[in-house]
Amino acid sequence: MSGAPRTAIRGMLPPVLFGAAFVALWEAAVKVFDLKPYFLPPPSGIWLEFRENIQLIWEATQVSGMNALIGLLIGTLLGVAMSFLLARSRILDQLVTPLAIALNAVPIFVLVSVFNNMFSITSEVPRRLMVTLVVYFIVLVNVAKGLTQVDLTQLDLLRSYAAGDGAILRKLRVPNAVPYLFTALKIAAPASVITAFVSEYFGGSQNGLGSRIVSNIAISKNATAWAYVLGACVLGLTFYLVSVVFEGVATPGGVSSRDRDAS
Amino acid sequence: MKAVEVRGLARVFNAGRPNAVDALVGIDLEIESGSFVSLIGPSGCGKSTLLRLIANLLEPSAGEVLVNGKTALRARLDQDYGMAFQQAGLFDWRSVVKNVELPLELKGWDKLKRRQRATEMLDLVKLSEFAGHLPWQLSGGMQQRVAIARALAAHPPLLLMDEPFGALDEMTREHMQGELLRICGETSTTVVFVTHSIPEAVYLSTRVVVMSRRPGRITDEIDVDLGTTRSEETREADAFFKKITEVREALRSDDLPGRGITDIRDIEGR
């Protein structure tokens, strides 16, 4: 029984050691080459700023995190709803899906300046709208795939049981799409955080992690800016890890993915 | 009573287009209740198409199909038949017992009755102890047994099987053939069985229907009189080998004279 945690630790050890070595090398490089703080602050200096500003960083994290979370939730709901419509209508599918795939490949978050123009300068709506849009297309494309790309043998079986479209949806399409939804969330969760940060670079309130990074760099407080970057990394990782945990709960032991690989 | 009656059946794929293919032409076939009929022939002879037409998973281009005296559509809606394919097609998010319950769920049976019947069926295929397992935890042969249990769960009078043992190794395959005969004997189910293995067709069937391609049609029907109870000894009996030879020659005679030559011409013409 102790085998699994032990291999997990053994698997994590090399990247942790590598990360530690990288930080040590960074610290050493700053000392040895006498790099100026405005060029590259040492990790120890960033950590000092991080602890000193922890309250401010936490507040900024809440703002960015809330924007990401709201966008993630609404985008997921809309994406799932739309994918059901696409699965129902072939014409709609042929119209929307190629567009959705194309939009997934371009950095649509640049639209945020357009959205900023539409709402008041202190509004969080443009940022949330941007996150929603990014998440929406990721979820839409993946869940629609899960609903339509079903096993043909299973489809024949259900038809042989006289199952109608509704029963086929409930018994086959929806369960088949569940792993696709969690795959989408694993992509969308970090993407929502990234979009929330980057949206802040395009103006609006100076309250989130992204805008704090920009404003601190503008007044040459590089170490402080890096401290906010650290906060951003933590937030992004948190979103990702939560999505991984959700996937583990919904598909215990990764059963579905294992079976799909085998067949 | 006839379990299946097929009259003047034809099916054209891509009808009306330049790439139209006559998958089946002029098929007449009668299958008695309680018999075990194999459809055998080379790839592309339309044997799976014929099975899918009987199952009403495809619509005929001409002719008619009656299952238990009803139209194929009515028979499908009444769940008068069970079906098994080359892929077991188990739902990997459902446990073994819940897979067997699936056709009963769609028939609207209540939970208790469903579980009771599914447990009986797993008993029949000797997989009771795996009821709570998930499909990927089972071997290919075991998955196929679950698929058979599922096909028979609603006690349909007819079982339609499309190369169900095609993906299994020879040992498992022979074991499964014996199991299938035992199960169908116990449940007195009529079986229509698509295969391209001659020994498999002969061992299982009371009648072997030989088909040929381009266009797909029935060229011969061979009764197999090896008795109703067949065992491993049957596989070594002289009568068994004689039947295998007979079916093989029926398949070959169709390929050699006229048709073989037209095939060669086709190739040379290119």
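**Close-up views of a predicted two-chain model**

**View 1. Strand 3 and strand 8 of chain B in the predicted model.** Five bridges link strand 3 (residues 36–40) of chain B to strand 8 (residues 190–195) of chain B, and the pairing is in the parallel sense. Within this pairing, B:Phe36 has B:Val191 of strand 8 as its bridge partner. Further along, B:Ser38 is placed opposite B:Phe193 of strand 8 of chain B. The model shown here and in the following views is predicted.

**View 2. Strand 7 and strand 8 of chain B.** Strand 7 of chain B also joins strand 8 of chain B through five bridges, and these two strands run parallel. B:Asp162 has its bridge partner in strand 8 of chain B, namely B:Val194.

**View 3. Burial of strand 8 of chain B.** Six of the six residues of strand 8 of chain B are buried, and the strand is mostly covered.

**View 4. The six-stranded sheet of chain B.** The sheet is open and has mixed pairing, with its six strands in the order 6-7-8-3-9-10 (chain B). Strand 6 (81–84) and strand 10 (217–223) of chain B form the edges, each pairing on one side only. From one strand to the next, the twist averages 15°. Helix 5 (residues 140–152) of chain B packs on this sheet, where it touches strand 6 and strand 7 (158–162) of chain B. The direction of helix 5 makes about 165° with that of strand 6 of chain B.

**View 5. The largest nonpolar core and the surroundings of B:Val192.** In soluble globular proteins, nonpolar side chains tend to be buried together. The largest nonpolar core of this model comprises 77 residues, and B:Ile54, B:Leu160 and B:Val192 have the most contacts inside it. Helix 5 of chain B gives the most to this core, contributing six residues. Leaving aside residues up to four places away in sequence, B:Val192 touches B:Val4, B:Ile31, B:Val37, B:Leu39, B:Leu51, B:Ile54 and B:Leu160.

**View 6. Helix 6 of chain A.** Helix 6 (residues 125–148) of chain A has 24 residues, which at 1.5 Å a residue should span 34 Å. The C-alpha atoms at its ends are 33 Å apart, in agreement with that value. Of its 24 residues, 21 are buried, so helix 6 of chain A is largely enclosed by the rest of the structure.

View 7. Chain A contains eleven helices and zero strands. Its C-alpha atoms occupy a box of roughly 75 × 55 × 30 Å along the principal axes. Of its 263 residues, 37% count as buried. Among contacts in chain A between residues at least 6 apart in sequence, 76% connect residues at least 24 apart.

**View 8. Chain B as the setting of the sheet.** Chain B has nine helices and ten strands. Its radius of gyration is 19 Å, close to the 18 Å given by the globule rule for 270 residues, so chain B is as compact as a globular protein of that length. The C-alpha atoms of chain B fill a box of roughly 60 × 45 × 40 Å along the principal axes. Buried residues make up 41% of the 270 residues of chain B. Among contacts in chain B between residues at least 6 apart in sequence, 69% join residues at least 24 apart.

Note on methods: Residues are numbered from 1 along each chain as its sequence is written. Chains are lettered from A and ligands numbered from 1 in the order in which they are written. This is a predicted model: local features need pLDDT of at least 70, side-chain atom pairs count only at pLDDT 80 or more; totals for chains, interfaces and linings use all residues. Two strands pair if DSSP finds at least two bridges between them. Helices (H or I, at least four residues) and strands (E, at least two) are DSSP runs, numbered from the N terminus. Axes are lines fitted to C-alpha atoms, for helices over the stretch in contact, and angles run from 0 to 180 degrees between N-to-C directions. Two residues are in contact if their C-beta atoms, placed from the backbone, lie within 7 Å. The expected span of a helix is 1.5 Å times one less than its number of residues. A residue is buried if 20 or more other C-beta atoms lie within 10 Å of its own, exposed if 12 or fewer, and partly exposed in between; C-beta atoms are placed from the backbone. The radius of gyration is taken over C-alpha atoms; the globule rule is 2.2 Å times the number of residues to the power 0.38. A nonpolar core is a set of buried Ala, Val, Leu, Ile, Met, Phe, Trp, Tyr and Cys residues joined through C-beta atoms within 7 Å.
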